[in-house]
Amino acid sequence: MQHSDGSFFGRRKGKTLRPAQREAVERLLPVLLLDVSTPPPERLEALFPDPVGDIRLEIGFGGGEHLLHAARSAPRTGCIGVEPFENGMAKVLAAIRREGLRNIRLFDRDAVLLLDWLPAGALSRLDLLFPDPWPKTRHRKRRFVTAENIERIARVLQPGGVFRFASDVETYVKWTVREAAGNPRLVWTADTVEACRGPWADWPGTRYEEKAKAEGRRAAYLSFRRA
């Protein structure tokens, strides 16, 4: 969810964590958590213990299905995930510990803080997948996609890097196309929303997406390339 200034927040706590999840949060999260109160390293790749060729960011990873799939599929890609909701963070941490994944770093606060901390051109890709749509007209200013945040996204993407957005809410899809089109550094890779109905080739699917399909909602998968 977003604060009224367009920044990204979420419910911080939900169901009581299982013991293994609680232990992962208490012991592993401090090791993987990014500290935006200190300057970023001169080379952002230094955030990861093993060499990585590029770095991706996912804002609001929910249950972590997509973030974990990305990390497993590309062990030489650094994956940064943002999720303030403790239960989602705990699921990802438990999987990281269980599988020994070494190419994930995490952030549990406002995503805007992280975007402003990252060096320009640091990312090869940024994913915003099924974010809170704030469907009521009076609440739409709370959506993460704003002109200001689109500019933040364009700044942290390297030339040729990609901003990916997915939603099953038609008004938010059209909103995002309009906001991204207003930034001269981002180029939509399609001509129509209908051309974006199929998921990306590396898309693993999520539980939220399956629920949307079952309820008859069609998602769109948008890609914008950094000029």
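These legends walk through several close-up views of a predicted model. Residues are numbered from 1 along each chain as its sequence is written, and side-chain values use heavy atoms, with hydrogens and water left out. Local features need pLDDT of at least 70 and side-chain atom pairs count only at pLDDT 80 or more, while totals for chains, interfaces and linings use all residues.

**View 1. An open sheet of seven strands.**
Follow the strands in the order S3-S2-S1-S4-S5-S7-S6, and you will find that the pairing is mixed. (Strands, E, at least two residues, and helices, H or I, at least four, are DSSP runs numbered from the N terminus; two strands pair if DSSP finds at least two bridges between them.) Strand S3 (104-107) and strand S6 (186-188) are at the edges with a single partner strand each, so one side of each is left without a neighbour in the sheet. From one strand to the next, the twist averages 20°; axes are lines fitted to C-alpha atoms, for helices over the stretch in contact, and angles run from 0 to 180 degrees between N-to-C directions.

**View 2**
S4 and S5 are parallel partners, joined over six bridges. Look for Asp 127, which stands opposite Arg 164 in S5. Helix H3 (residues 65-73) packs on the sheet, and its direction makes about 170° with that of S2. Helix H6 (residues 147-156) also packs on the sheet, touching S4, S5, S6 and strand S7 (220-226). Touching here means contact, that is, heavy atoms within 4.5 Å.

Asp 168 sits in the loop between strand S5 (157-167) and helix H7 (170-181). Its relative accessible area is 8%, so Asp 168 is buried (under 20%; exposed is over 50%, partly exposed in between, with a 1.4 Å probe and protein chains only). Its side chain makes polar contacts with those of Tyr 208, at 3.1 Å, and Arg 217, at 2.4 Å. (A polar contact is a pair of N or O atoms within 3.5 Å; within protein, one must be able to donate a hydrogen and the other to accept it, and residues adjacent in sequence count only if both atoms are side-chain atoms.)

Ala 122 lies in the loop between helix H5 (111-117) and strand S4 (123-129). Ala 122 counts as buried because its relative accessibility is 17%. Leaving aside neighbours within four places in sequence, Ala 122 is in contact with Leu 44, Ile 55 and Val 156.
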